[in-house]
Amino acid sequence: MSVIAFLSMDTSALEDFFVYDEMLIPHFNAHGYDVETVAWRDASVDWNRFSHVIVRSPWDYQQDPDGFIACLERIEASQATLHNPLSLMKWNIEKTYLQSLENQGVPVVPTSWADSFSADWFVEQFEVFETDELVIKPALSANADDTFRIHRGDAADYTAQLSELFHNRKLMVQPFLQSVTGEGEYSLFYFGGQYSHTLLKQPKAGDFRVQEEHGGRLSAFTPDADMLSVCEAALNAMPDSYLYARVDLIRTDTGWAIMELELIEPSLYFNIDKSSAARFVDVFISRHG
């Protein structure tokens, strides 16, 4: 059998997350592939043992992005084929890719950027976005780590914490959109250029984070034509092709907008659509045999 590696994180750390990638394994087995889950921090791995490496659940990479990229570069230099392509993941690893999408006419959530935190600059953003609530987070982040929802009246209370967290660390600020808590956030999944399924993520009462690990509620959803159009515009604006992509959408006053375009390690929620795991593998086989 040819062997595929699912790039992940240390087993002990993975226990804190919901992972659905094992649903792929029977379908890969049926096509003659064995599958191993491999931690990206394991420096002893011989990547030449694998025919393909599919990045799946290294959900701690933001703690050591340079080390993570070095791991991907070692895989790229081996005989294994890396998915998604290294060039695409490097483009996607910082959320500044949203600027590239916006420059190409793709609607994105309005965002201000800074190379480090300034209290005066942060307070100005309430006026820039004409809002009483802002969300601030790192430009390179995952799992809502170091993400804050801050009311105008409470901004001074966060100055010391934000100054420490974002000292010489690139950050982004967005207006808090009430649709996050009122309606939810939508994730649309694409495999090899083909639409697969859609997930509606809603935060638990009193929270704004939609991830399962933070108590978010998940349900299947059927997207409308406008949602699909915005997603496809974002995918067409990317610099390279992809095996998998997750497009996160939010409703704004002016229509649908991109919150994130996830091309490195998005959960693909195969549990939401029972046919999606087989669909993923069929797309892979059609491209790589």
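This is a predicted model: local features need pLDDT of at least 70, side-chain atom pairs count only at pLDDT 80 or more; totals for chains, interfaces and linings use all residues.
Buried here means under 20% relative accessible area, exposed means over 50%, and partly exposed is anything in between, using a 1.4 Å probe and protein chains only.

Residues are numbered from 1 along each chain as its sequence is written, and side-chain values use heavy atoms, with hydrogens and water left out.

**The overall picture**

The protein chain folds up into 10 helices and 13 strands; helices (H or I, at least four residues) and strands (E, at least two) are DSSP runs numbered from the N terminus. Its radius of gyration is 19 Å, close to the 19 Å that the globule rule gives for 289 residues, so the chain is as compact as a globular protein of that length. That radius is taken over C-alpha atoms, and the rule is 2.2 Å times the number of residues to the power 0.38. Along its principal axes, the C-alpha trace spans about 60 × 40 × 35 Å.

Buried residues account for 53% of the 289 in the protein chain. As for contacts (heavy atoms within 4.5 Å), take the ones between residues at least 6 apart in sequence: 69% of these join residues at least 24 apart.

On charges, Lys and Arg count as positive and Asp and Glu as negative, leaving out His and the chain ends. Each charge is placed at NZ of Lys, CZ of Arg, CG of Asp or CD of Glu. The protein chain has 20 positive and 44 negative charges, and their mean positions are 3 Å apart.

Most residues other than glycine have a negative phi, and most peptide bonds are trans. A cis peptide bond joins His83 and Asn84, with omega at about -5°. Asn84 sits in the loop between β4 (81–83) and α4 (86–92).

You'll find Glu130 in the loop between α6 (119–128) and β6 (133–138). Asn168 is another non-glycine with a positive phi, about 55°, and its loop runs between α7 (159–165) and β8 (171–175).

**A few residues by accessibility**

| Residue | Relative accessibility | Class |
|---|---|---|
| Cys71 | 0% | buried |
| Cys231 | 0% | buried |
| Lys201 | 4% | buried |
| Asn92 | 5% | buried |
| Asn168 | 62% | exposed |

On the cysteine side, a disulfide is a pair of cysteine sulfur atoms within 2.5 Å, and by this rule the count comes to zero.

Lys201 belongs to strand β10 (residues 194–202). Its C-alpha atom is 8.8 Å from that of Glu183, which is 18 residues away along the chain.

Which residues does Asn92 touch, not counting those up to four places away in sequence? They are Tyr97, Leu261, Glu262, Leu263 and Ile264. Asn92 itself lies in helix α4.
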